[in-house]
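My notes follow in the order I looked.

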Amino acid sequence: MHQRFDPHPDKEPNMLKENMTVFRRMSSYFLKESFIYLTRGPTIPDWNFGYHTLINSIKRLMISHHYLELPDVPAAQLRSTTGPKLSKHAHIVPDTFVQRDKVIEFFKDKCTMVDHAYDKVVIDAEYLSYKKSHKDIVFFVHGGGYCTGSKEMYRKISYLVAKHSDSTVYALNYRLSPQNPFPCGLIDCISGYQHLIETHDHKKVILMGDSAGGGMVLAMCIALREMNLPIPGGVYGISPWIDLTHWFASFRINQKTDFLIGDTTDPRLQGQRHYYTGNENLKLGYVSPVWEENLDNLPPMLIQVGGAEKLHDENIHFSQRLINTSDPPQELHLQVYESHVHVRKIAVLGSRAVGKSSVTVQFVENHFAETYYPTIENMFTKIVKYKGEEFAVEIMDTAGQDEFSILNSKHAIGIHGYILVYSIASQQSFEMCSILRDKILNFTGMDWVPCVLVANKVDLHAQRQVTTEEGKKKALEWNCAFIETSAKHNQNISRVFDQMLAEIEKVRGEPQAKPSGCVIF
Ligand SMILES: Nc1nc2c(ncn2[C@@H]2O[C@H](COP(=O)(O)OP(=O)(O)OP(=O)(O)O)[C@@H](O)[C@H]2O)c(=O)[nH]1
């Protein structure tokens, strides 16, 4: 006998009572946020009253749930067992399936398996269509940070997807964490897909998901490819959560504008990703697709993300990597709904003691220190206005490199631009810049990256070993900007960062050579 998967293992929640609690809370948050809007204005200038109060009220609600103790989490999962009322034209056909052994076997060698991953459970699934059923199927995977949500809760969305895409939506209740951590949910989704393609042409199936559901469908594609199973006809990710390490800058910088929680500096807010899995799995492609090394042979994709979202950068980076793989998707559409603050992440690299920290500190904090303290690694943030647009610039000041140091992946992944610094008083530090640039190109697989070559310590005239012409010539060869600076005398320091933004914006302005069919908006 197989065990049936019950989304409410302990007790069926009283939905009316739960909904009333949420309604009461939301009303009080709404009033508070209306007051804030009227007295202090919106969080960012282009948000209107409705958007400001909605986003911030949701954020308050999510924070209140996040501070719950672990045993209270299931009760707060907001699972609706009945689902919203649908139009009389909507048809729901229930279905069930049992997990497949092959999927469990596959994950056994790939990650740390929790006991529940071996459970053979019966999963509830359903087909939802508008008026009549179709051959085209959208396999919809709901979001909710892998620990909340259900197909019932998302029925209204499934219904709209079915209606507007003229297809049938297939949805299932995959197991949720913390009771059933990774890879339980992924095993359920892949088994659900296998179950689906027993009766449907896999090329007619589109995987679709929002947030964690978006991350799940991309993780599914990677696993399906590894398992040599038929790949779906396409993938549609709405703000997919594809980096559970929270590495990318927008995760911190867009804290103010996004209701998603999980601030890396606050251990109490780390919960969601750790409900799903432990640190040892966070960088697996099946958990964080953005860290997957092999992105070849994935299906055509549409990815949508907002400019003020925490998940913005990981999706930009993922898309950039996708188009640079040896076998990119036939089509890739990245749609960014720009908002206000733009994030640019910059790495400052160069030999030891050339003045990387001094240039950065002079720019961010407006002072200069004569004493030399070798840097391990430092992060600085500053809001910079460039051509009328505001940019949150995140600057990574790195430890001095030599030709034997290995380029850290952190200095190449998710970086928008590089400042390569040498000292005019050191020929060796000038040569080091070429070595570093080669390493960056190698690591990123690009033949050009936004770069500014900085000749620092120009106040040390008497000790000059590298001429201005040599620096200019190198920059011309690399098609990048070149500036001579003195961090000591604050000479040309802000120009370095202006030039860096200009180089980064070049990428936005000029279309790069891309495989046919790839479009970046
Ligand atoms: N004369 C002069 N000295 C500078 C200038 N910039 C930095 N220095 C000095 O050079 C030394 C090294 O500066 P840092 O900024 O720590 O150099 P760094 O490249 O960050 O060093 P690491 O982190 O060890 O790689 C310090 O003693 C600074 O005071 C400059 O423009 N002119």
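Predicted model: local features only at pLDDT ≥ 70, side-chain atom pairs only at ≥ 80, totals over all residues.

**Ligand site**

I started with the ligand: one of its oxygen atoms lies 2.8 Å from a backbone N or O atom of Ala487. I count a polar contact as a pair of N or O atoms within 3.5 Å; within protein, one must be able to donate a hydrogen and the other to accept it, and residues adjacent in sequence count only if both atoms are side-chain atoms. Residues are numbered from 1 along each chain as its sequence is written, and side-chain values use heavy atoms, with hydrogens and water left out.

Next I checked side chains. Lys356 puts a side-chain N or O atom 2.6 Å from an oxygen atom of the ligand, and Asp459 has a side-chain N or O atom 2.8 Å from a ligand nitrogen. How much of the ligand does the protein bury? Taken alone the ligand exposes 650 Å², and 93% of that is buried by the protein (Shrake-Rupley areas, 1.4 Å probe).

I then listed the shell (a heavy atom within 4 Å). There are 23 residues around the ligand, and Lys356, Ser358, Glu370, Tyr372 and Thr375 come nearest. By class I get 8 nonpolar, 9 polar and 6 charged (Ala, Val, Leu, Ile, Met, Phe, Trp, Tyr, Cys and Pro are nonpolar; Asp, Glu, Lys and Arg charged; the others, Gly among them, polar). Helix 10 (residues 356-365) gives the largest share of that shell, 3 residues. Helices (H or I, at least four residues) and strands (E, at least two) are DSSP runs, numbered from the N terminus.

**Helix pair**

I looked at helix 11 (residues 427-444) against helix 12 (residues 468-478): the angle is about 5° and the axes are 12 Å apart (lines fitted to C-alpha atoms over the stretch in contact; angles run from 0 to 180 degrees between N-to-C directions). Helix 11 and helix 12 are therefore roughly parallel (under 35 degrees). The contact (heavy atoms within 4.5 Å) includes Phe430 and Arg437 of helix 11 and Lys474 and Trp478 of helix 12.

Most residues other than glycine have a negative phi, and most peptide bonds are trans. Here Ser177 to Pro178 is cis, omega near 5°, and Phe182 to Pro183 is also cis, omega about 5°. I found Pro178 in the loop between strand 5 (168-172) and helix 5 (184-197). Lys457 is not a glycine, yet has a positive phi of about 65°; I place Lys457 in the loop between strand 14 (451-456) and helix 12.

Notes
Parallel < 35°, antiparallel > 145°, perpendicular 65-115°, else oblique.
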